[in-house]
Structures are given as C-alpha cells and as structure tokens.
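Here are some exercises to work through with the coordinates loaded. Try each task yourself before reading the solution below it.

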Amino acid sequence: MTKPVIEAIDTVKVLGEGAGQVQALKGVSLAVSGGELTLLMGPSGSGKTTLLSILGCMLSPSSGTVRVGGQSTAGATPEHLAKLRRDHIGFVFQS
C-alpha cells in the first residue's frame, strides 16, 4: 500500500454557535493514495462540501488531523496553507 497523499483522521467540524450550532462532520477518516479515483457521495447536507473544503485547506477542522503530502495542517499559517494548495491540491468548484 502506498503512502496517502491526503488524509483526514477523526475530523470534526462544528459550524455556528449556541442553538444554531451544527456538527457538519463527526469523526470522519479518509486516506487517498496517488492514482486512486475516489468518489464522495451523500445526500444534501451530509458534509461533502465541508469535508472537501477541509481537505483543500480552505477550512480548518474543529478537531482531528488533516495531512497533505504527509504534512499536518494543524497550526499552519494562511501562507503555508496557500502553499500546500498551490503545490499539492487541485480544486474545481461546481459553479
């Protein structure tokens, strides 16, 4: 098995506050190796866009670990996250 190029480990994302708080991701783990084709499917509101935004270094997880190219994104500066996106991530938005 090859080393993952991107991975999420027990990733949690909480959005909002108080009564409007939503746990968009609840302990999601995923590892994708180079050359793999991975499909992400689910109903509207299931957290697909949130997960992709975290894996694409556009959002930070509330807890858990995200690694891109073996490098953790925890505590990374906006400049470092931009470099990770530029060097390792391709992202095509639906619209």
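Helices here are DSSP runs of H or I with at least four residues, and strands are runs of E with at least two, both numbered from the N terminus. One thing to keep in mind throughout: this is a predicted model.

**Exercise 1. The overall fold**

Task: Work out which pattern of helices and strands the protein follows along the sequence, and decide how compact the protein is for its length.

Solution. 
- Step 1: Count the elements. There are two helices and four strands.
- Step 2: Compare the radius of gyration with the globule rule. The radius is 13 Å, close to the 12 Å that the rule gives for 95 residues, so the protein is as compact as a globular protein of that length.
- Step 3: The C-alpha trace spans about 40 × 30 × 30 Å along its principal axes.
- Step 4: Look at the contacts. Of those between residues at least 6 apart in sequence, 53% join residues at least 24 apart.
- Step 5: Finish with the surface. The protein exposes about 6,500 Å², and carbon and sulfur atoms supply 55% of that area. Of the 95 residues, 24% count as buried.

**Exercise 2. The nonpolar core**

Task: List the residues of the largest nonpolar core, and find which element gives the most to it.

Solution. 
- Step 1: Collect the members. The largest core has twelve residues: I6, A8, L25, V32, L51, I54, L55, C57, V66, V68, L81 and L84.
- Step 2: Assign them to elements. Those giving two or more residues are β1 (4-15), β2 (22-33), α1, β3 (63-68) and α2 (78-88).
- Step 3: Helix α1 gives the most, with three residues.
- Step 4: In soluble globular proteins, nonpolar side chains tend to be buried together.
- Step 5: Zoom in on one member. L51 sits in helix α1 and counts as buried because its relative accessibility is 6%, under the 20% cut-off. Beyond its neighbours within four places in sequence, L51 is in contact with L25, V28, L30 and L40.
- Step 6: Take another member, L81. Not counting residues up to four places away in sequence, L81 touches C57, T73 and A76.

**Exercise 3. A threonine in the helix**

Task: Is T50 buried or exposed, and which residues is T50 in contact with, leaving aside its neighbours within four places in sequence?

Solution. 
- Step 1: Locate the residue. T50 belongs to helix α1, which covers residues 48-55.
- Step 2: Check accessibility. With a relative accessible area of 14%, T50 is buried.
- Step 3: List the partners. Leaving aside neighbours within four places in sequence, T50 is in contact with K13, L15, A24, L25 and L59.

**Exercise 4. Salt bridges**

Task: Find how many salt bridges there are, and describe the residues in each pair.

Solution. 
- Step 1: Apply the cut-off. A side-chain nitrogen of Lys or Arg must be within 4 Å of a carboxyl oxygen of Asp or Glu. The count comes to two salt bridges.
- Step 2: Take R67 and E7, whose side chains meet at 3.3 Å, N to O. R67 lies in strand β3 and E7 in strand β1, so this pair ties together parts that are 60 residues apart in sequence.
- Step 3: Check their accessibility. R67 is partly exposed at 30%, and E7 is buried at 16%.
- Step 4: Turn to D87 and K83, with their closest N and O atoms 2.6 Å apart. Being four residues apart in helix α2, D87 and K83 are separated by about one helical turn.
- Step 5: Check accessibility again. D87 is partly exposed at 41%, and K83 is partly exposed at 40%.

Terms used. Residues numbered from 1 in each chain as written. Predicted model: local features only at pLDDT ≥ 70, side-chain atom pairs only at ≥ 80, totals over all residues. Heavy atoms only, no water. Buried < 20%, exposed > 50% of the residue type's maximum accessible area, 1.4 Å probe, protein only. Contact = heavy atoms within 4.5 Å. Core = buried A, V, L, I, M, F, W, Y, C linked by side-chain atoms within 4.5 Å. Rg over C-alpha atoms; globule rule 2.2 N^0.38 Å. Areas by Shrake-Rupley, 256 points an atom, 1.4 Å probe, with all protein chains shown as cover.
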